[in-house]
Amino acid sequence: MRNRLSGWAIAAALVLAPSVASSQVTVTDPWVRGTVAGQRATGAFMKLTATGDQKLVAAASPVAKIVEIHEMAMDGGVMKMRAISKLDLPAGKPTELKPGGYHVMLMALDRTLAEGEIVPITLTFEDAAGKRQSVEIRATVRPLTAVPPSKAASP
C-alpha cells in the first residue's frame, strides 16, 4: 500500500509540475548598490525571466522600511524616477533591472550597506490568472560605483 501511495504521489507531481514551472520566474545576478553613512536609499538590480507571462507586483526587504518597483524614464527631456505598481515580464523574454532603468528601490534603510553583505529581498509575482507567488532572493552588495556586469565587460 505504501509503494502504491508513493507511486500516486510521484504521478501527481509529474502531472502538476508543468503548471508550477509555467508560473516560475528565474532571477539571475541579483545585486544591491552599496551605500555610505547617512544614505537612506539604494537600488537592487537583477535579471528576471518568466516561463509564462507574469508581473512583478511587490518587493520587501528587512533592511528597508519602504521597498518599491521603480522605473527611470525620459519626461520632457528630463530623466525622472517614479514608482510603478507592476512590471510586466513577458514569457521567455529576459527583463533587466539595471541602473538607469527598471529597479527595486530600497528606501528608509535601517543601516549602511557595505560591499560583500547579502541583502534578502522577497519578490512577489502574479501570473495571468491573478495567482501570486513570493520568492526570496539573496542579493550581494556591490561597491557604490558598481556598474552592471554587461557594461563592465564592454570595451
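Predicted model: local features only at pLDDT ≥ 70, side-chain atom pairs only at ≥ 80, totals over all residues.

User: Does glycine 100 count as buried, partly exposed or exposed, and why?

Analyst: Buried would require under 20% relative accessible area and exposed over 50%, with partly exposed in between. The relative accessibility of glycine 100 is 48%, so the residue counts as partly exposed.

User: Which residues does glycine 100 touch, not counting residues up to four places away in sequence?

Analyst: Contact here means heavy atoms within 4.5 Å. With residues up to four places away in sequence left out, glycine 100 touches Met72 and Met79.

User: Of the 27 residues in the largest nonpolar core, which touch the most other members?

Analyst: Several strands give two or more residues to this core, among them E1 (25–33), E2 (41–50) and E9 (118–127). The residues that touch the most other members are Val32, Leu48, Leu56, Val104 and Leu123.

User: How are the rings of tryptophan 31 and phenylalanine 45 arranged, and why is the pair called that?

Analyst: A search of the whole structure finds one aromatic pair. Tryptophan 31 and phenylalanine 45 have ring centres 4.7 Å apart and planes at 40°, so this pair is tilted. Both tryptophan 31 and phenylalanine 45 are buried. Because tryptophan 31 lies in strand E1 and phenylalanine 45 in strand E2, parts 14 residues apart in sequence are tied together by the pair, whose arrangement is tilted.

Note on methods:
Residues numbered from 1 in each chain as written. Heavy atoms only, no water. Buried < 20%, exposed > 50% of the residue type's maximum accessible area, 1.4 Å probe, protein only. Core = buried A, V, L, I, M, F, W, Y, C linked by side-chain atoms within 4.5 Å. Helix = DSSP H or I, 4+ residues; strand = E, 2+ residues; numbered from the N terminus. Phe/Tyr/Trp six-rings, centres within 6.5 Å; stacked < 30°, edge-to-face > 60°.
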